[in-house]
Amino acid sequence: MLGLRFSRLVHAAIASGALALAACQGGGKGDTDTDTDTGTATEAPTTDDPTGPPIDPTLPLPPDPTNPLPPDPPDPPPADVPPALLGVKLLDPSTLQLSFTEPLAPVDTVNPKRFRLSVAQAYLGNYGGQPSTTLIDPRYYNLEEYCPPNPPPPCYYEPPYYYYCYYGPSCYYQSTGPLVPTSVAPLDGDPTSIVITLSVPIQPFLCNTLQAFEDNPNIQMVLHLHYAAGGLAELQDLTGLALPSLGDAWVKYDGNFYGYEGPAFSNLDPFLPIPCALFDVPAPIPDDSPDIPDSDL
């Protein structure tokens with residue numbers, strides 16, 4: 001009876017406002033509260049939006065791994081450093097491209113005789129003897145194949161039943177003559193490069209000769225360009241600093257063979273062999289014989 005009376009009194013007091021119940025922290029049920037009333041709660045942002053957050057146009061975009069950005073260009077050399085030759089390559093059998101570390105001044109007055117090619121042959125001394133280098137004029141290796149007109153050989157029949165046939169001359173190799181630079185010009189669109197025109201084209205025979213020594217452990221042969229600085233008609237950068245000489249003793253030498261002892265290619269600094277890869281296979285021998293119809297075979 002007392003419990004029922006007390007319960008009615010409590011409910012009456014709550015209804016009249018005389019009694020207020022304090023809220024229990026955690027919903028009154030500790031960590032097991034499952035109250036889902038969220039009418040007044042602020043919902044946290046979700047990450048289900050497939051478009052993602054808005055992109056700030058002022059921030060740089062991350063690099064695309066499938067299309068990486070090109071590397072930054074190298075810093076220009078200091079103003080007191082002269083230009084340097086980086087490499088020489090063949091654009092075609094009659095044209096050389098020279099690349100430098102910086103833009104050059106106009107080359108209209110540069111004398112092409114400041115340049116000279118050599119076939120540089122080095123003995124490494126691996127099998128005894130003193131290492132040495134020999135510079136050879138390229139004309140002795142720049143050979144072109146020549147096949148004189150060769151009509152079908154005349155044959156004569158005589159008893160006792162055999163033929164006499166007289167064959168004409170066969171193909172042979174001959175020098176193209178001097179292989180020297182004849183002009184110097186800028187390369188369009190690249191202020192750090194120039195082009196040099198040669199007097200005659202480089203032949204497959206020269207490239208094949210160099211490639212024959214690529215795997216030789218004691219002898220190396222390369223095609224190299226030499227340059228002599230000095231005077232007014234020399235290569236300079238935009239500030240007037242001149243390109244240093246490169247093996248200039250060969251440029252000033254009148255002979256066709258020049259040798260010296262010491263480490264291989266020691267007078268070529270920088271050592272920049274010219275890749276001779278214009279010809280994948282030896283040039284075919286021209287066939288001047290007349291075509292024979294299949295019906296005649």
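What is the volume of the largest pocket? In this predicted model, the largest pocket has a volume of about 190 Å³, and the second largest pocket has a volume of about 150 Å³. The briefing below treats each pocket in turn and then the element that contributes to both.

**Largest pocket**

- A set of 14 residues lines the largest pocket, and those nearest its centre are L210, E214, M221, V222 and I274.
- By class, the lining of the largest pocket consists of eleven nonpolar residues, two polar residues and one charged residue.

**Second largest pocket**

- The second largest pocket, with its volume of about 150 Å³, is lined by 16 residues.
- Closest to the centre of the second largest pocket are L85, L243, P244, L246 and P270.
- At least two residues of the lining of the second largest pocket come from strand 2 (95–100), and at least two come from strand 11.
- The lining of the second largest pocket comprises 13 nonpolar residues, two polar residues and one charged residue.

**Strand 11 in both linings**

- In the largest pocket, strand 11 gives the most to the lining, supplying four residues.
- In the second largest pocket, strand 11 again gives the most to the lining, here with three residues.

How values were computed:
Residues are numbered from 1 along each chain as its sequence is written. This is a predicted model: local features need pLDDT of at least 70, side-chain atom pairs count only at pLDDT 80 or more; totals for chains, interfaces and linings use all residues. Side-chain values use heavy atoms; hydrogens and water are left out. On a 1 Å grid over the protein atoms alone, a cavity is a set of points where a 1.4 Å probe fits but cannot get out, and a pocket is an open set with protein on both sides within 12 Å along at least five of seven lines; lining residues have an atom within 4 Å of a point. Grid points are joined across faces, edges and corners, and a volume is the space filled by probe spheres set on the points. Ala, Val, Leu, Ile, Met, Phe, Trp, Tyr, Cys and Pro count as nonpolar, Asp, Glu, Lys and Arg as charged, and the others, Gly among them, as polar.
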